[in-house]
Amino acid sequence: MARSRRPATHAALPEALLAQLADRLEGGTQDFLRAMGEPPPTSIRLNPDKPFHMGQEAEVVAWCTHGRYLPERPAFTFDPLLHAGAYYVQEASSMFLERAVHAIGPWRDRTLALDMCASPGGKSTHLRSLLPKDALLVANEVEPSRRQALQENLWKWGGWNVVITGAPPAAFLDLGELFDLVLVDAPCSGEGMFRKDPFAREQWNPSLVDRCERVQREILPHAWELVAPGGHLIYSTCTWEERENEDRIASLVALGAIPIDIPDGGSFGIERTISNGAIGHRFYPHRVRGEGFFMGVVKKPGGRTVHHPPVPHTPQQALSTWFRCAQHLVEVDGVQHATDPVWAAVVERISSSVRNVIPGLPVAEAKGGSWRPHPALALNGLLDRSAFPEVPLDHDTAIAYLKGQALPAVDARGTALATHRGLGLGWLQGAGSRWNNKWPNAWRIRGHAPGAPLVSWSAHDERGAGTGVPHG
């Protein structure tokens, strides 16, 4: 269950920060303080590949096609559609990534992108939707515990051609200027999250800003070395510190980077800044309906060259009927991972250079001498839905499934796909009078009752959702 967050109070804002912001706010300090004392807005980003009926009109986030504001924060955990990857709960300002990606485009064939600091996956899932389906996204998170959240969110989102890595930025340098796009959502002092997260206010002090700036100074040069000629780097933070924002973009400009303006980047209440050749876009909660945020884009001089040779590959015949299109398979520790064959050589190169690589979408697990479908495949558009029988679940039965419960059945046999409102959810294994539950333990709902109202669209869950008593 999403924990409730108490709004910030005026007294909780550090005086040292307010003094720094006074000039930049241009007389809007009182409006800023008033906004910081209000509850943060609740917003979600819809998955364009997993549409559902919300049951009512929702206000669109002005800078994001699929962003939506909700009137209150519901009990998202108790909505099966969240677990099916139909939407991602995300702060609205950070959805500005869509405008940055469109400013860079149009994208050509075989785009290769890297999200350097990817957990928990908000920008990675967004980027996966914004890029062409044949693009390859590498999502990196060095911290193991945070990488678990990243892979769960990416797998539930359902896009294929995703590789997950867990290495420090310097470990990528052997790859050279490989990526058409590098996204750096940098670790920062977190000032923009003060209203949303009390801990961000409690930990803030000037020395934290110093430490974050040092980390950013280490990450950015490495990230820049990975950008291919003609490629782009997107840099973002959730802070207002100029040292962590415009100054970092300016450091890339000093290396030859070309600053890129984002169309409409000065609209919607967003502040467009120019400093030492760097172009930035700042979000303040009294000017936009969102939290504090910063984003800038730069381009590396030169022309783009496609250098990703395809490697023809025929997947195992035992698995080929599971997929909508031919896939290159790589087995690691008893799990088969799938990517488009055109990316086989690149994935192998990445796997040989950095550690903790999940080389594609997990599609099958070795079980008792045969292959069983992996939980990630049930949630993915790569799955050929005709390969397995389907068991539709209504809202209450889906919640029971997400808690890890077995489901009653009559003569249930083999492997079946549990669905909710037409979306793949997870696997069931027949055992005669019941369906055994194959929803991963780590993903299971632990709470017993929602602590907030259910999502507004839950009243529509029964439409075409099934009887709630699945049979074989």
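**Note on the predicted model**

1. Gln-429 sits in strand 20, which covers residues 423–430. Helices and strands here are DSSP runs, numbered from the N terminus: a helix is H or I with at least four residues, a strand is E with at least two. The model is predicted, so local features need pLDDT of at least 70 and side-chain atom pairs count only at pLDDT 80 or more, while totals for chains, interfaces and linings use all residues. Residues are numbered from 1 along each chain as its sequence is written, and side-chain values use heavy atoms, with hydrogens and water left out.

2. Is Gln-429 buried or exposed? Gln-429 is buried, because its relative accessible area is 14% (buried means under 20%, exposed over 50%, partly exposed in between, with a 1.4 Å probe and protein chains only). Its side chain makes a polar contact of 2.7 Å with the side chain of Thr-415. A polar contact is a pair of N or O atoms within 3.5 Å; within protein, one must be able to donate a hydrogen and the other to accept it, and residues adjacent in sequence count only if both atoms are side-chain atoms. Leaving aside residues up to four places away in sequence, Gln-429 also touches others, including Arg-372, Trp-435 and Lys-438 (contact means heavy atoms within 4.5 Å).

3. Helix 13 spans residues 395–402, and seven of its eight residues are buried. Which residues of helix 13 are buried? They are His-395, Thr-397, Ala-398, Ile-399, Ala-400, Tyr-401 and Leu-402. Their cover includes helix 3 (80–83), strand 18 (407–412), strand 19 (415–420), strand 20 and strand 21 (432–437).

4. The ends of helix 13 deserve a look. Asp-394 caps the N-terminal end, with a side-chain oxygen 3.4 Å from the backbone nitrogen of Asp-396. Just after the helix, Gly-404 has a positive phi of about 95°.

5. Two cis peptide bonds can be checked. One joins Gly-105 and Pro-106, with omega about 5°; Pro-106 is in the loop between helix 4 (97–104) and strand 4 (112–115). Another joins Ser-119 and Pro-120, also with omega about 5°, and Pro-120 is in the loop between strand 4 and helix 5 (122–130).

6. Asn-161 is not a glycine, yet its phi is positive, about 60°. It lies in the loop between helix 6 (144–157) and strand 6 (162–165). Asn-161 is buried, because its relative accessible area is 0%.

7. Asn-356 also has a positive phi, near 55°, and is in the loop between helix 11 (344–353) and strand 15 (361–367). With a relative accessible area of 40%, Asn-356 is partly exposed.
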